[in-house]
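Me: I'd like to work through this structure with you. Can we start with one term and then go step by step?

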Amino acid sequence: SQPVYGATCSNSTTCVATTYTQTTCNSTTKICSCSVGYVPIRTGCGRKFSQPTLSQAYPYSTEVIEGKNAVLSCVSPDGATVFEWKKDGQVISGATTSTYTISSASAANVGNFTCKAKLSTTNSDFDSSESSALLMTLINATVTPQPPKVVVYPTELFAGKNATLTCVNLPNGYDISKISFLKSDSAVVTSPLTMASTLSETPVTCKLTDTTLTKTVTSEGQKLPKVVDTISGVKITTTASNNDVYSLTEAITLTCLTTPTPDYVDTSSKQITYVWMVS
């Protein structure tokens, strides 16, 4: 991103405090001292890269099955394209892109990972601080993985509409095709699931059966969506920067949101219509 310029100064002048500069003049550099998050440049102060966010791929956890791969992502809010990766505090040679792959996971290549955003492959004052650490742990025959979790969407729908079931918090490297969704009576269901009133709010679990885990792991129960036949909720959202105060020249857009949303309403028997009122 482009730097934001501050101001130069001399010993006899007082710097003006801005978002980027302070009121102190550096007698050596003749540059107004920079605010936190900015560094001196020839024409004033330039913004450092913000701290990036480090995460594992969805829908996986911070565990990786021995011999399998895990992909980590470093996201810069400033759009940086060069990165530095570390494992257990040591720079990983050659790792300079926004993703890093733990290949053929073993005790030797898992651990605490961090990343930082950089202006180039060489060090500079514009480099961000390091991300929060992400601890990747190894799953083998002697270690039981964390239980998965079921995510159900939406929370309400009409009969005949489909619910989406997702099993998350899986160990990296797990074969997603080997997931079973089970009702409380152990009957298997699949996603997407066409909902009927008899399924309304029925608990479901997801079960991991891949033999590479050497153990069968099952999630806690999560309720299926509630099957309804009317709109249960309506709210208005706005694009305005302040929902309470509007400028006379500000263009705003109001959106009417329903529960269930239109995609989950049986439009063959009931049609959503909107009436706007001003009080």
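Predicted model: local features only at pLDDT ≥ 70, side-chain atom pairs only at ≥ 80, totals over all residues.

Me: How many disulfides does a search of the whole structure find?

Reply: A disulfide is a covalent bond between the sulfur atoms of two cysteines. One joins Cys74 to Cys115. Cys167 and Cys206 form another. The search of the whole structure gives a count of two.

Me: How many residues apart in sequence are the parts that Cys74 and Cys115 tie together?

Reply: The sulfur atoms of Cys74 and Cys115 are 2.0 Å apart. Cys74 lies in strand β7 and Cys115 in strand β11, so the pair ties together parts separated in sequence by 41 residues.

Me: Are Cys74 and Cys115 buried or exposed?

Reply: The cut-off for buried is under 20% relative accessible area. Both Cys74 and Cys115 are buried.

Me: Which strand holds Cys206?

Reply: Cys206 is bonded to Cys167, with 2.2 Å between the sulfur atoms. Cys167 lies in strand β15. Its partner Cys206 lies in strand β20.

Me: Is Cys256 buried or partly exposed?

Reply: Buried needs under 20%, and exposed needs over 50%. Cys256 has 22% relative accessibility, so Cys256 counts as partly exposed.

Me: Which strands are the edge strands of the open sheet?

Reply: Six strands form this sheet, in the order β9-β8-β11-β12-β6-β16. An edge strand here pairs on one side only. That picks out β9 and β16.

Note on methods: Residues numbered from 1 in each chain as written. Heavy atoms only, no water. Pairing = 2+ DSSP bridges. Helix = DSSP H or I, 4+ residues; strand = E, 2+ residues; numbered from the N terminus. Disulfide = S-S within 2.5 Å. Buried < 20%, exposed > 50% of the residue type's maximum accessible area, 1.4 Å probe, protein only.
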